[in-house]
Each structure stands twice: as C-alpha cells, then as structure tokens.
Amino acid sequence: MNSLTDTADQVADMLDEAYYRGGRPQFHGKTPRSKSTSFTPLARMTELLERDEDAGRWILAQKDKNSFAQSLYEQSVIKGYVLSEKQIAAAKRGYDKDMRQETVSTLPETFFKGILDLMEGARAGKGKKEGLKFPAIRFGGMKIYYSTRRPNDPDLAVYRTEGEVGFLGKITTPDGKFQPYIWRNGKIPATQADLDKLAKLEGNPEEQLAAEGKRLGICMICNAELSNPESVERGIGPICAGRFFG
Ligand SMILES: [Zn+2]
C-alpha cells in the first residue's frame, strides 16, 4: 500500500468517526478549505469527501479497480481540479449501485415500518406534547435516531453502542426499509442478530422499550435513570411515554 492510499483511508476513517459522533471532522485543528486552493493530495481528498461523502468514498474505494473512478481521482486529488456537478453525480450513482449490489448479496430485505412510525410520531408530537426535533431511542445495544448532522434527512440512523460500536445503517422512509451501511472496504457491519433485535422492537415498541427500561432501570428514550417508583415499575419515564405513546 502506498502512502497516498494510507492517507485516503485515514481521511475516510476520520469522516466515519465524525459521522458516528454526529459532529464535524477536525483535521489537525484546521477546517479544510472548500475550493481548489489546496495543494496537497490529503487536502484535496478531504475537500472531495467534504463536498460529497458518497461520491468521494466511491472514487477513493474504486480508483484502482474502475477506470472512470481512477480518472476522477487523478483530476481531483492528483491534479487539483474541482470536479463538475455531473462528475460528482456520476460517482454518486456508482456508490449507490455498489451499495445495492452489496446489500442484496448479504442481508435479507427487512422493513421496520413500526419503528419509523413511532419515531415520526415523536417528531410530530402527540396530544399537547410538542414534537421533538431529534427523537432517539435505545434498544438491544443500539441507538435509533435522527441525525443532528443531517437535519433534513427523513431517514433514521441505527448505531450499535455496545460491543463493536459503529453505524449500522438506516431505516428509510417511507416504508421503513433497512438500508445497511457499507464500509468502503465492502464490509457490512450490521448482522442478522441486529436485524432480529430490530424486528423484536418492531413487533411492539412500547412493550419492548418498557421491558428493557425496567430491566436496566433506565428510560430507553431519554437515557435517564428511572427513579420514581411508578416509572421504575413502568420501565419508562412519564414525559417520554407521553411523547412517544400518547
Ligand atoms: Zn425518558
């Protein structure tokens, strides 16, 4: 592996990390410049990934396998040109296509419409309760939430918080189809066990969240320790119960 490839991996890892944390990546304390004023391949790679993460990932992952990706890589990272909107769009299509192929080959198509409805309900608000901007729930060592990093994204993010932590994929609108996340090396971090846990939650969200909250002594919605006897018995805090289940 040459040093440039190593660097590309490091940049992509930093972006992954930042994505998981819901923040903005920091590159040695400097925010990368957005136009073609960068002179090093690292800075250009960073620009590319910042401009469009999916397109950038695809170009970096495919540059040694696909001649089109290679040409985009040479133009943007080696020569320092700003890619056109058309080129970015084409790279995005490449990413989407690869993603679909991988997805079909490993995990079964699964839908979590019940979870999506629950979260959309919390977002919309119930009764007199105002909706939450970024509702989140925890279940089975996973966090299911709307990403603060992507406020206009209607899809739900699924993140594994225990064991091998990391972003697992999305529960997408409008039908709740699960779209597994794919690492640039082709690895799919979500497993059948994760899907089984989501299916369990999907079956009866209120009962499942309450049962797990009761077991752990924590509200699975706001993550607060349950203290008053009624909440401990119920397995969920009164405010959260109102917001999610009316
Ligand atoms: Zn709560």
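Modeller: A residue counts as buried if 20 or more other C-beta atoms lie within 10 Å of its own. The model before us is predicted, and 33% of the 246 residues of the protein count as buried.

Biologist: How many helices and strands does the protein have?

Modeller: The protein contains 10 helices and 5 strands.

Biologist: In what order do the strands stand in the sheet, and how are they paired?

Modeller: Strands of a sheet pair through backbone hydrogen bonds, and the pairing may be parallel or antiparallel. Here 5 strands form an open sheet in the order β1-β2-β3-β4-β5, with antiparallel pairing. Because β1 (136–139) and β5 (178–180) stand at the edges, each with a single partner strand, one side of each is left without a neighbour in the sheet. From one strand to the next, the twist averages 25 degrees.

Biologist: How many bridges join β3 to strand β4, and how many join strand β2 to strand β3?

Modeller: Strand β3 (residues 156–160) is joined to β2 (residues 142–145) by 4 bridges, and 5 bridges join β3 to β4 (residues 166–171). On the β4 side, R160 stands opposite G166. The hairpin of β3 and β4 has 5 residues between the strands, and in that hairpin G163 takes a positive phi near 70 degrees.

Biologist: Which residues of β3 point one way, and which the other way?

Modeller: In a regular strand the side chains alternate between the two faces of the sheet. In β3, L156, V158 and R160 point one way, while A157 and Y159 point the other way. Since 5 of the 5 residues of β3 are buried, the strand is largely enclosed by the rest of the structure.

Biologist: Let us turn to the helices. At what angle do the axes of helix α2 and helix α3 cross?

Modeller: Two packed helices are described by the angle between their axes and the distance between the axes. The axes of α2 (residues 41–51) and α3 (residues 53–62) cross at roughly 135 degrees and come within 5 Å. That angle makes α2 oblique to α3. Helix α2 contributes M45, L48, L49 and R51 to the contact, and α3 contributes E53, G56, I59 and L60. By class, this contact has 5 nonpolar, 1 polar and 2 charged residues.

Biologist: Why is α3 described as largely enclosed by the rest of the structure?

Modeller: Helix α3 is so described because 8 of its 10 residues are buried. Among them are W58, I59 and L60.

Key:
Residues numbered from 1 in each chain as written. Predicted model: local features only at pLDDT ≥ 70, side-chain atom pairs only at ≥ 80, totals over all residues. Pairing = 2+ DSSP bridges. Helix = DSSP H or I, 4+ residues; strand = E, 2+ residues; numbered from the N terminus. Axes fitted to C-alpha atoms, helices over the stretch in contact; angles between N-to-C directions. Buried ≥ 20, exposed ≤ 12 C-beta atoms within 10 Å, placed from the backbone. Parallel < 35°, antiparallel > 145°, perpendicular 65-115°, else oblique. Contact = placed C-beta atoms within 7 Å. Nonpolar A, V, L, I, M, F, W, Y, C, P; charged D, E, K, R; others polar.
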